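Subject: Structure handover

Dear colleague,

Here is the structure I said I would pass on. My notes follow it.

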Amino acid sequence: MTITTLDKPSAKPLLDWYDRHHRDLPWRVSPDMAARGVKADPYHVWLSEVMLQQTTVQAVKPYFARFLERWPHVTDLADADNDAVMAAWAGLGYYARARNLKKCAEAVAREHGGVFPNTEEGLKSLPGIGDYTAAAVAAIAFNRQAAVMDGNVERVISRLYAIATPLPAAKPLMKEKVALLTPAARPGDFAQAMMDLGATICTPKRPACSLCPFRDDACQALKLSEPELFPVKAAKKEKPVRYGAAFIAVTGDGEILLRRRIDSGLLGGMTEVPTSAWTARIDGEVSTAAAPFDAAWQACGTVIHVFTHFELRLSIWRAAIAAKISTNDGWWEPVTNLEAQALPTVMKKAIATAIPLAFKTSKG
DNA sequence: TAAACGTGGGA
DNA sequence: TTCCCAAGTTT
């Protein structure tokens, strides 16, 4: 005879918790909506999942709304102009996501008749869709029993089972545990419940264990009275500093010189002001040697911007010139039209340092 | 396997 | 202030 015990994790208490305490999110079909027959839109689910990669819910919300308003269907995004998509993504970071987003939309439109594949495997073959996103879209949009594992789930699972192996080595074991826990019914809600739990209860610091659906007996980390010990992670590496110069040339007509970065690598495909190379150390004086042309360049400050794997200290130079100077690459853009450009945050900071009124907010 | 790849907000 | 990190993917 089968005996049900409470000391092993079960999806049921979590789903019950989710029914009462789920977050209402713009891209989400909540349980009450599902009960009224509302179905998840794969395009919405996919778009939100890509935007949410390594990005906070709060940051994503306005971008998600603008993308849907401008490109209501995946075929609209497939037909969109590349630079328009990059400009719409500007500020959200990890710009390879935007490049792959566009490629993925094109693949869905042209190779799949405008319909997203409804299996994990089919989704995973698309640009920008990895293990997590494939499982998330399969579960949330297509009700597939896929094991969804993101940073939240890793934290919850590592605590439920008190997994002492450090990340990322522990991922295969964690994935195994998630797969065993994922129910055949409501797999999408289960995945979202795990993520909501990780975001609101099973937080990295000071988890609210008294409110957790696994509080009674299931959580091994809580039994040890040390939930914050999990997950165990490898030590971080030191962040190097790089230096460079950026040049903001302004004409009497109020236009500045911009150019487009190459499609690959850091800020790939985004717009920038001319800059020097970003080198690991200052060789001699900070200078205008890398300026796009000779002019009366004036130093007007330094921008310090922290990327994922290095810190950039950018010396900002400004020159007022009478008229446009012809250059090999780039174009002159009215300062009044900078909001429409694909300018990453670091470039908005650089321009704002030279032209304080260039943007509505000084922080870009 | 490990490094590259952005940003802004909270503690 | 400084550190941490948030629904990861690609190479």
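Where is Ala-162 found? Ala-162 is in the loop between helix 10 and helix 11, with helices (H or I, at least four residues) and strands (E, at least two) taken as DSSP runs and numbered from the N terminus. Its phi is near 45 degrees, a positive value in a residue other than glycine.

Before the rest, the conventions. This is a predicted model, in which local features need pLDDT of at least 70 and side-chain atom pairs count only at pLDDT 80 or more, while totals for chains, interfaces and linings use all residues. Residues are numbered from 1 along each chain as its sequence is written, chains are lettered from A and ligands numbered from 1 in the order in which they are written, and side-chain values use heavy atoms, with hydrogens and water left out.

Cis peptides

The loop between helix 10 and helix 11 (171–181) also holds Pro-168. Leu-167 and Pro-168 are joined by a cis peptide bond with omega about 5 degrees. Another cis peptide bond, with omega about -5 degrees, links Phe-230 to Pro-231. Pro-231 sits in the loop between helix 13 (220–223) and strand 1 (241–251).

DNA strand B

There are 20 residues around DNA strand B, and Lys-237, Leu-267, His-305, Thr-308 and His-309 come nearest; a residue is near a molecule or strand if one of its heavy atoms lies within 4 Å of it. By class, the residues of this surface are nine nonpolar, nine polar and two charged. Here Ala, Val, Leu, Ile, Met, Phe, Trp, Tyr, Cys and Pro count as nonpolar, Asp, Glu, Lys and Arg as charged, and the others, Gly among them, as polar. Sugar or phosphate accounts for 66% of the atoms of DNA strand B within 4 Å of the protein, and bases for the rest.

- His-309: a polar side-chain atom is 2.6 Å from a phosphate oxygen.
- Tyr-94: a backbone N or O atom is 3.0 Å from a sugar or linking oxygen.
- Gln-54: a polar backbone atom is 3.0 Å from a base nitrogen.

DNA strand C

Around DNA strand C there are 25 residues, of which Glu-49, Gly-128, Thr-133, Asp-150 and Asn-152 come nearest. They divide into nine nonpolar, nine polar and seven charged. Of the DNA strand C atoms within 4 Å of the protein, 65% are in sugar or phosphate and the rest in bases.

Phosphate oxygens of DNA strand C lie 2.6 Å from a polar backbone atom of Gly-128, 3.4 Å from a polar backbone atom of Asp-131, and 2.9 Å from a side-chain N or O atom of Lys-236. Helix 9 (131–142), helix 10 (151–160) and helix 12 (187–200) are the elements that supply two or more residues to the surface near DNA strand C.

Annotation and helix packing

UniProt, in an unreviewed entry, lists residues 51–200 as "domain: HhH-GPD"; its positions are given in the numbering used here, feature names are shortened, and annotations may be inferred rather than shown by experiment. This span is 65% helix and 0% strand, and its end C-alpha atoms lie 20 Å apart.

The axes of helix 3 (residues 42–51) and helix 4 (residues 57–70) come within 10 Å and cross at roughly 140 degrees; axes are lines fitted to C-alpha atoms, for helices over the stretch in contact, and angles run from 0 to 180 degrees between N-to-C directions. Helix 3 is therefore oblique to helix 4 (under 35 degrees counts as roughly parallel, over 145 as roughly antiparallel, 65 to 115 as roughly perpendicular and the rest as oblique).

Regards

Notes:
Polar contact = N/O pair within 3.5 Å; in protein donor to acceptor, adjacent residues only side chain to side chain.
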